[in-house]
Amino acid sequence: MNASRVARLAWSVPVLLLVLTLHQAWTAYELQDTLDTGTSAMAEVTRYERSDRKDVTHVELDMPDGSTFEKTRLALPYSIGHRVEAESLQVTVHPGAAQEVVITQIGHTQVGIAWSNAGMGFIAFLMAFSGVFYWNRWQKKA
């Protein structure tokens, strides 16, 4: 593989970092939207699995209108998962949204974590972009 092909291929790194940054920003926005516009409900935790990664693996929600909504998997950040070890949880539900169910108690923390991830991803994108840009310029001169 010659140097110009590697130089072009190197652009995939900042592009991937930008995509990850945008994903985290979108996740933060969707979490906040669910918290702001969703309906408050109580969720019965029917199974809570604790491992290297914390998960609420099966949750049934009783909605204020009497309907039932079932979510089979809610991933939680490992650092805050211990705050929701309970048989029932207060949740905010927005059916059809990208983030349909948010545990109210930790929702704002999850939003903050997602924005933090987006910020770190953007910084990594800028660093990778600069590195690839200047490396490509150097390759053209050489």
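Biologist: What pLDDT does the chain average?
Modeller: This is a predicted model, where local features need pLDDT of at least 70 and side-chain atom pairs count only at 80 or more, while totals for chains, interfaces and linings use all residues. Residues are numbered from 1 along each chain as its sequence is written, and side-chain values use heavy atoms, with hydrogens and water left out. pLDDT is the predictor's confidence in each residue, from 0 to 100. Here 75% of the residues score at least 70, and the chain average is 83.

Biologist: Which element of the chain has the lowest mean pLDDT?
Modeller: Elements are DSSP runs numbered from the N terminus: helices (H or I, at least four residues) and strands (E, at least two). The highest mean, 96, goes to helix H2 (residues 12–37).

Biologist: Is Phe125 buried or exposed?
Modeller: Buried means under 20% relative accessible area, exposed over 50%, and partly exposed in between (1.4 Å probe, protein chains only). Phe129, at 36%, is partly exposed. Phe125 has a relative accessible area of 14%, so Phe125 is buried.

Biologist: What kind of aromatic pair do Phe133 and Tyr134 form?
Modeller: Phe133 is partly exposed at 32%, and Tyr134 is exposed at 51%. Ring pairs link both into a cluster with Trp11, Phe122, Phe125 and Phe129. At 5.1 Å centre to centre and 85° between the planes, the Phe133 and Tyr134 pair is edge-to-face.

Biologist: Which helix holds Trp138?
Modeller: Trp138 is exposed, with a relative accessible area of 53%. The helix that holds Trp138 spans residues 104–141 and is H3.

Biologist: What separates the C-alpha atoms of Thr46 and Glu87?
Modeller: Thr46 belongs to strand E1 (residues 39–50) and counts as partly exposed at 38% relative accessibility. Along the chain, Thr46 and Glu87 are 41 residues apart. Their C-alpha atoms are separated by 7.3 Å.

Conventions:
Phe/Tyr/Trp six-rings, centres within 6.5 Å; stacked < 30°, edge-to-face > 60°.
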